[in-house]
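Subject: A structure for you to look at

Hi,

Here is the structure I promised to pass on. Have it open while you read, and my notes follow below.

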Amino acid sequence: MKKLSVSDLFSLERYARERPAFRTRVLEHKRDRQLAVGPHVTWLFEDRLTVQYQVQEMLRTERIFEPEGIEEELESYNPLIPDGSNWKATLLIEFPDESERRRQLGLLKGIEDRCWVQVVGHERVFAIADEDLERENEEKTSAVHFLRFELTAPMIAALRGGTELAVGIEHEHYEHVIRPLPEPSRISLIADFS
């Protein structure tokens, strides 16, 4: 997928006018790219549109309009766009109660490395996590991680041919599998390899 450039972005003024319709479009698009993997973990598979939305929202929130600031945001977010042989996902660990969340984040250390995808008939592909910076310390993991799943050409070909896809987490304190992936999500993710 092509990375974003300044010319792909709306100016702050134009974004203010178009934000409601753009936001609606992005939220609808995200619906099939978001997976609940068990009751407390969500994966959001990123693509060019989801990343553009994040950049636009950062520029809006921080009131960034200078070229250097815009380039900094693009440098920060462009790595989340898939490269043609992979999926990139944001992993969110969600516990509404703050004390429970703190306790669970301590138990779930390493969860980001135990996330996997599997094209049926092929080996599981475990995530390469947090390439930008470490998001875990001695006491707990972060509630947000960034994952990359590298697929081989035969895996991609099998997906295009209709082979089922499963995803899961294999952690001693959190084990969940989605098999097979719901069809709208599967179709949305396969489009990343076009």
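Leaving aside its neighbours within four places in sequence, which residues is Lys88 in contact with? Here contact means heavy atoms within 4.5 Å. The residues are Lys3, Leu44, Phe45, Glu46, Pro79, Leu80, Ile81, Pro82, Asp83, Leu147 and Arg148.

Before going on, some ground rules. This is a predicted model, in which local features need pLDDT of at least 70 and side-chain atom pairs count only at pLDDT 80 or more, while totals for chains, interfaces and linings use all residues. Residues are numbered from 1 along each chain as its sequence is written, and side-chain values use heavy atoms, with hydrogens and water left out.

Back to Lys88, then. Lys88 lies in strand 3 (helices are DSSP runs of H or I with at least four residues, strands are runs of E with at least two, and both are numbered from the N terminus). Is Lys88 buried or exposed? Lys88 is buried, with a relative accessible area of 8%; buried means under 20%, exposed over 50% and partly exposed in between, with a 1.4 Å probe and protein chains only. The side chain of Lys88 reaches two backbone oxygens: that of Pro79 at 2.6 Å and that of Ile81 at 3.3 Å.

Five strands make an open sheet in the order 1-2-3-7-6, with antiparallel pairing (two strands pair if DSSP finds at least two bridges between them). Strand 1 (34-36) and strand 6 (128-129) are at the edges with a single partner strand each, so one side of each has no neighbour in the sheet. Strand 2 (residues 41-45) is joined to strand 3 (residues 86-93) by five bridges, and Leu44 has Thr90 as its bridge partner in strand 3.

There is also an open sheet of four strands, in the order 5-4-8-9 and again antiparallel. Its edges are strand 5 (125-126) and strand 9 (174-178); each has a single partner strand, so one side of each is left without a neighbour in the sheet. Look at strand 4 (residues 115-119): five of its five residues are buried, so the strand is largely enclosed by the rest of the structure. Cys115, Val117 and Val119 sit on one side, with Trp116 and Gln118 on the other. As a general point, side chains in a regular strand alternate between the two faces of the sheet.

Strand 4 pairs with strand 8 over five bridges, and Val119 stands opposite Leu165 there. Two bridges join strand 4 to strand 5, where Val117 faces Val125. The hairpin of these two strands has five residues between them, and Gly121 in it takes a positive phi near 95 degrees. Strand 8 (residues 165-171) also pairs with strand 9 over five bridges, with Glu170 opposite Glu175.

In helix 6 (residues 183-190), the buried residues are Ser185, Arg186, Ser188, Leu189 and Ile190. Their cover includes strand 1, strand 2, strand 3, helix 5 (153-160) and strand 8.

Which residues lie nearest the centre of the largest pocket? They are Pro79, Leu80, Glu131, Asp132 and Phe146, out of 15 lining residues. Helix 3 (67-77), strand 3 and strand 7 (144-150) each supply at least two residues of that lining.

Happy browsing!

Technical notes:
A polar contact is a pair of N or O atoms within 3.5 Å; within protein, one must be able to donate a hydrogen and the other to accept it, and residues adjacent in sequence count only if both atoms are side-chain atoms. On a 1 Å grid over the protein atoms alone, a cavity is a set of points where a 1.4 Å probe fits but cannot get out, and a pocket is an open set with protein on both sides within 12 Å along at least five of seven lines; lining residues have an atom within 4 Å of a point.
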